[in-house]
Amino acid sequence: MIKNGDIQQAEVNHTRLGEIAQQALQEMRLLVYELRPQVLRSDGLIGALEQRLEAVERRAGIDARLVVDVDLKIPPELEVELLHISQEALNNALKHSKASEVVLSLRADEDYLILEVKDNGRGFDQELARSKGGMGLTNMSERWRKLEAN
């Protein structure tokens, strides 16, 4: 394109190539992070979530915060499922929402543990997202049902 004098199209393609490279880097960080579940055993759920936010979201330029009840006690068998649900929700925010901020919070009341992931992204239609064949929402729902059954 440059040889043919189409500088404007070359610039458009260059910009798009940069965007694709950034997306590929984000995907690679996600894959590498998800291959390291030992962080849950060594640092617990809170440490694992904080490391995830640092390794993926913050490196992608997202203002990512973790808010946790001070005296939160989570049985180890629940931590694995909560980590996977959190990761999936964060993956969705990173990949699809175009968010610049995300807040992951864990708190408890007398009867419930509450996991919440909020972002300032563009939102989505749940039914449309499910019908397009993505597994993220389905995986989170299945894991949550599994927790409720226990």
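This is a predicted model: local features need pLDDT of at least 70, side-chain atom pairs count only at pLDDT 80 or more; totals for chains, interfaces and linings use all residues.

Residues are numbered from 1 along each chain as its sequence is written, and side-chain values use heavy atoms, with hydrogens and water left out.

**Exercise 1. Find the salt-bridge partner of K95, and say where the two residues sit.**

Step 1: Start with the term. A salt bridge is a side-chain nitrogen of Lys or Arg within 4 Å of a carboxyl oxygen of Asp or Glu. The structure holds six of them.

Step 2: Look around K95. Its partner is E27, with the closest N and O atoms 4.0 Å apart.

Step 3: Helices (H or I, at least four residues) and strands (E, at least two) are DSSP runs, numbered from the N terminus.

Step 4: Check the accessibility. Buried means under 20% relative accessible area, exposed over 50%, and partly exposed in between (1.4 Å probe, protein chains only). K95 has 37%, so K95 is partly exposed; E27 has 29%, so E27 is partly exposed too.

**Exercise 2. Work out which residues are linked with R58 in a network of salt bridges.**

Step 1: Begin with E50. The side chains of E50 and R58 meet in a salt bridge at 2.5 Å, N to O.

Step 2: Now try E54. E54 also forms a salt bridge with R58, and here the closest N and O atoms are 3.1 Å apart.

Step 3: E50, E54 and R58 form a linked network.

Step 4: Compare with the accessibility classes. E50 is partly exposed at 31%, E54 at 44% and R58 at 26%.

**Exercise 3. Describe the sheet: what is the order of its strands, and which strands are at the edges?**

Step 1: Recall how sheets are held together. Strands of a sheet pair through backbone hydrogen bonds, either parallel or antiparallel. Two strands count as paired if DSSP finds at least two bridges between them.

Step 2: Follow the order. Three strands form an open sheet, arranged 1-2-3, with mixed pairing.

Step 3: Name the edges. Strand 1 (63-68) and strand 3 (113-119) each pair on one side only.

Step 4: Zoom in on one pair. Strand 1 and strand 2 (residues 101-108) pair in the parallel sense over six bridges.

**Exercise 4. Decide how helix 3 and helix 5 run relative to each other: roughly parallel or roughly antiparallel?**

Step 1: Read the angle. The axes of helix 3 and helix 5 (residues 136-149) come within 10 Å and cross at roughly 160°. Axes are lines fitted to C-alpha atoms, for helices over the stretch in contact, and angles run from 0 to 180 degrees between N-to-C directions.

Step 2: Classify the angle. Under 35 degrees counts as roughly parallel, over 145 as roughly antiparallel, 65 to 115 as roughly perpendicular and the rest as oblique. Helix 3 is therefore roughly antiparallel to helix 5.

Step 3: Find the touching residues. Contact means heavy atoms within 4.5 Å. Among the residues making the contact are L78, L82 and I85 of helix 3 and L137, M140 and W144 of helix 5.
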